[in-house]
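Okay, thanks for coming, everyone.

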Amino acid sequence: MKTSPLLRAESEATLSLETNYHRPFLPHSPKQALNRLFLSELANRYDSEKRQSRVLSQMAEAATCVHLKKLLRLHAWETEGQVMKLQCVFEALEEEVQETCSAVSMALLTEAERITEVFRADSPALNTALVYAAQKIEHDEMAVYGALREWAVLMSHKEAALILEQLLDEEKRTYQSLIKMARFHCNKEALNVFHAEDFYCDKYGHEFAKVRM
Ligand SMILES: [Fe+2]
């Protein structure tokens, strides 16, 4: 079985967590402690956005709903821009760009890859499964960008806060689009296709599920 590059990086993610949070560190002030957390999460986000762009493109390629394909492609493209926006955040902070694996993002992206593979083979639930996986990723991103923005404001990093707010807004917009996509296209489509292909009627008009061998 082919091993996903994301799965191969699992040990790297564990290592990153130890590096970020378990390394002995004695901050001189509360602001230094918060700044360390802020930079550590920025580095996680930078790595996650780079990986996410590739996973979203794979999901877009697998999608059979044209509307979802378009949305996933658009967000894959937007995600590439987000990588550059994060570089600008590091620049505004006068810090070198850093990247470390986030175990949570890795788990979500690995799951998205697995869902894409499992449902790719003609499943009527493919598109709704892709939307579900993407929604989980976006939800995590909204939480992270929301916290990063608040910390930037607290520490008076005005320029960084503005860029992080733009990033948060982009993720919120995508999340809302995914909710609409699920509600108005993919969920209903999954059910309709299921009825059309997987049920048959006997001569009395009674509906039965087909048994797949
Ligand atoms: Fe996103």
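This is a predicted model: local features need pLDDT of at least 70, side-chain atom pairs count only at pLDDT 80 or more; totals for chains, interfaces and linings use all residues.

The protein chain has seven helices and two strands, and if you read along the sequence you get α-α-α-α-α-α-α-β-β. There are 213 residues in the protein chain, and 33% of them count as buried. If you take the contacts between residues at least 6 apart in sequence, 74% of them join residues at least 24 apart.

Helix α3 covers residues 30–62 and helix α4 covers residues 66–92. Their axes come within 8 Å and cross at roughly 160 degrees. Anything over 145 counts as roughly antiparallel, so that is what we call α3 and α4.

Who is touching whom? On the α3 side you have, among others, L42, Y46, L56 and M59, and on the α4 side the partners include L72, A76, V83, L86 and F90. There are also charged residues in that contact, R45, E49 and K50 in α3 among them. By class, the contact of α3 with α4 divides into eleven nonpolar, six polar and six charged residues.

Next up, how does α3 sit relative to α5, parallel or antiparallel? The axes of α3 and α5 come within 10 Å and cross at roughly 10 degrees, so the two are roughly parallel. From α3, the residues involved include N44, S48, R51, V55 and A62, and they face a set in α5 that includes S105, L109, A112 and T116. The class breakdown for α3 with α5 is five nonpolar, six polar and three charged residues.

Then α5 against α6. Those axes come within 9 Å and cross at roughly 175 degrees, which makes α5 roughly antiparallel to α6. V104, L108, I115 and F119 are among the α5 residues here, and they meet a group in α6 that includes L126, L130, A133 and I137. The contact of α5 with α6 has twelve nonpolar, two polar and four charged residues.

Helix α6 runs over residues 126–154, so 29 residues at 1.5 Å a residue give an expected 42 Å. In the model, α6 reaches 43 Å from its first C-alpha to its last, close to that expected value.

Last thing, the backbone. You'll find S156 in the loop between α6 and α7, where α7 is 158–198. With 9 other C-beta atoms within 10 Å, S156 is exposed.

E94 is another case to look at: its phi is near 60 degrees, again a positive value in a residue other than glycine. E94 lies in the loop between α4 and α5, with α5 covering 103–120. E94 has 6 C-beta neighbours inside 10 Å, so E94 counts as exposed.

Okay, that's my tour. Over to you.

Conventions. Residues are numbered from 1 along each chain as its sequence is written. Axes are lines fitted to C-alpha atoms, for helices over the stretch in contact, and angles run from 0 to 180 degrees between N-to-C directions. Helices (H or I, at least four residues) and strands (E, at least two) are DSSP runs, numbered from the N terminus. Angles under 35 degrees count as roughly parallel, over 145 as roughly antiparallel, 65 to 115 as roughly perpendicular and the rest as oblique. Two residues are in contact if their C-beta atoms, placed from the backbone, lie within 7 Å. A residue is buried if 20 or more other C-beta atoms lie within 10 Å of its own, exposed if 12 or fewer, and partly exposed in between; C-beta atoms are placed from the backbone.
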